[in-house]
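Please open the model in your viewer, with a selection panel at hand, and follow the stops below in order.

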Amino acid sequence: GVVVMGRLRDSPVAVKFSLSSADGVQRKDFSNIVNELRVLRHVKHPNIARFYGAVVDPTACDLALVLQLVWGAPLDRYILEVSEDQPGAPTRGRFQVILDIARALQYLHGHEPRII
């Protein structure tokens with residue numbers, strides 16, 4: 001999907017759109033975002049972006065998810081980035097982020113009823 005910044009009740013949010021159309025790749029994207037909706041509506045964890053709701057356009061077969069906006073560098077770049085200015089501090093920060101991800105995954109895999 002495509003993620004853009006939006007506003008919900010005067011607060012910034014992330015809005016994730018599917019790329020729906022007759023194209024097979026884009027139909028798969030729609031299926032993925034529907035599955036994401038199925039999972040996110042059951043999830044509440046401090047290390048997972050909060051899910052606020054969804055907007056459905058049945059005539060266009062389109063869907064948008066409204067999520068907590070998370071500021072910062074893209075996760076892959078932050079985890080892999082090496083800083084020459086402060087070699088110790090960024091490493092500790094990256095380890096904390098990796099630990100937070102592991103806690104979120106543990107929550108998701110241990111969730112009852114099973115969601116993933």
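Begin by selecting Lys16, which lies in strand E2, residues 11–17; helices (H or I, at least four residues) and strands (E, at least two) are DSSP runs, numbered from the N terminus. This is a predicted model, in which local features need pLDDT of at least 70 and side-chain atom pairs count only at pLDDT 80 or more, whereas totals for chains, interfaces and linings use all residues. Residues are numbered from 1 along each chain as its sequence is written, and side-chain values use heavy atoms, with hydrogens and water left out.

Next, select Ala14, Ile33, Leu40, Phe51, Leu63, Leu65, Leu67 and Leu69, the eight residues of the largest nonpolar core. Such a core is a set of buried Ala, Val, Leu, Ile, Met, Phe, Trp, Tyr and Cys residues joined through side-chain atoms within 4.5 Å, where buried means under 20% relative accessible area, exposed over 50% and partly exposed in between (1.4 Å probe, protein chains only). Helix H1 (24–40) and strand E4 (62–68) each supply at least two residues of this core, and the largest share, three residues, comes from E4. A second, separate core has six residues, among them Ile48, Ala104, Leu108 and Ile115.

Stay with E4 and show strand E3 (residues 51–57) beside it: the two run antiparallel and are joined by six bridges, where two strands pair if DSSP finds at least two bridges between them. Ala54 has Leu65 in E4 as its bridge partner. The two strands form a hairpin with four residues between them, and in the turn Cys61 has a positive phi of about 55°.

Then move to Arg114, in the segment after helix H3 (88–110); this residue counts as exposed because its relative accessibility is 54%. The C-alpha atoms of Arg114 and His42 are 9.8 Å apart, although 72 residues separate them along the chain.

Finally, colour by pLDDT, the predictor's confidence in each residue, from 0 to 100. The chain averages 84, and 84% of the residues score at least 70; among its elements, E2 has the highest mean (94) and H1 the lowest (78).
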